[in-house]
Amino acid sequence: MKFIKNHLMFILPLMAILLGIEFYLVFDRTTDSYEKGLKEGYTMLVVTQKPVELSRLKALNEHIAGSEAIKRENIVSEVAQGVSKESKKEILALLPYFYNVGLDSYLGTKEIEKIKNDLEKDPNIKRVETFGSSYSSAYRLFSFIKFLLKVFIGFMGVVSLFLIIKQMEIWKYAHKERMQVMEIFGAPLMLRSGVLFKIAIFDAFIATLFTSAIFFYVKFVWAAQSGIDLMMQKQDELFRLTDMAILLAAALLLVIIAVYSVVFSSRGVQE
């Protein structure tokens, strides 16, 4: 039981870090479509005196990705109902040109303001409407959620790493006699610590398998039966085989850091 307990004391904090990493990967993938929706759904309204080509708008700012002209006839038909055809033609002749302008990526409010300023430098452009308030609210909320998730994962990672290092110190004292004998015979420091590396790497594989198993269950069992539309629609995004490689690499990196920190924090094995 003590053997299992010692390993669980190492595996559980490591799993906490791996779960945090996987949660972030899943969150990043599932919100990617939402971010694309915000980007694709966002357009600026540009009002010009004369027709303008997309190439001209792109020359003013590199983030301009597309433009769609708004039919002026439709605008006139809505605002000039009951007016004679001649009057409609006169209104149409005086009416400026309207364009919905899309961007190439999801940008912050400062970049949006810069694009507006760049466009307004062109004398042909009379006005640029960015609809900044609604866009800014959605952008800030999205950024805030991402920031909170990163802070939480970072905090949990630091605490778990300290627990891992603490457990590694316990193992070091548990194997001190063997390490001391090797030191007497002149074995280098890294060779003396080989037993710690073996235990840590073994537990890194176990933690990776347990964490992957949890997300396999979530993806193939829980998500399908949850009845939650978002989970069922994004089922493929919940876990990928490449995630297992990322988790294993992260676990190995963490245990190597933990072993090195314990090994180099003391000058040889103490009596």
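Q: What makes the backbone nitrogen of K50 and the side chain of N124 a polar contact?
A: In this predicted model, the backbone nitrogen of K50 lies 2.9 Å from a polar atom of the N124 side chain. The cut-off for a polar contact is 3.5 Å between N or O atoms, so this pair qualifies.

Q: How do you know whether T48 is buried or exposed?
A: Look at its relative accessibility, which is 0%. The limit for buried is under 20%, so T48 is buried.

Q: What does the side chain of T48 reach?
A: It reaches the backbone oxygen of K50, at 2.7 Å. K50 also has its backbone nitrogen 2.9 Å from a polar atom of the N124 side chain.

Q: Which residues is T48 in contact with, leaving aside neighbours within four places in sequence?
A: They are P96, Y97, Y99, N124, I125 and K126.

Q: Now for S105. Why is S105 called partly exposed?
A: S105 has a relative accessible area of 26%. Buried needs under 20% and exposed needs over 50%, so S105 falls in between and is partly exposed. This residue lies in the loop between β3 (97–103) and α5 (109–120).

Q: How far apart are S105 and H63 in sequence and in space?
A: They are 42 residues apart in sequence, and 7.3 Å apart in space from C-alpha to C-alpha.

Q: What makes V195 buried?
A: V195, found in helix α9, has a relative accessible area of 14%. That is under the 20% limit, so V195 is buried. Leaving aside neighbours within four places in sequence, V195 is in contact with H175 and R178.

Q: What share of the protein is buried?
A: Buried residues make up 37% of the 271 residues.

Q: How many helices and strands are there?
A: The protein has 11 helices and four strands.

Q: Which residues does UniProt list as "transmembrane region"?
A: The unreviewed UniProt entry lists residues 7–27, 141–165, 199–224 and 244–264. In the model, residues 141–165 are 100% helix, with end C-alpha atoms 36 Å apart. Residues 199–224 are also 100% helix, and their end C-alpha atoms lie 37 Å apart.

Q: What is the volume of the largest pocket, and which residues are closest to its centre?
A: The volume is about 320 Å³. Of the 15 residues that line this pocket, V26, F27, T30, M231 and L238 are the closest to its centre. The elements giving two or more residues to the lining are α1 (2–41), α9 (194–226) and α10 (229–233).

Q: Which element gives the largest share of that lining?
A: That is α1, with six residues.

Definitions and conventions. Residues numbered from 1 in each chain as written. Predicted model: local features only at pLDDT ≥ 70, side-chain atom pairs only at ≥ 80, totals over all residues. Heavy atoms only, no water. Buried < 20%, exposed > 50% of the residue type's maximum accessible area, 1.4 Å probe, protein only. Polar contact = N/O pair within 3.5 Å; in protein donor to acceptor, adjacent residues only side chain to side chain. Contact = heavy atoms within 4.5 Å. UniProt positions renumbered as here; feature names shortened; annotations may be inferred. 1 Å grid on protein atoms, 1.4 Å probe; cavity = no way out; pocket = protein on both sides within 12 Å on 5 of 7 lines; lining within 4 Å. Points joined across faces, edges and corners; volume = space filled by probe spheres on them.
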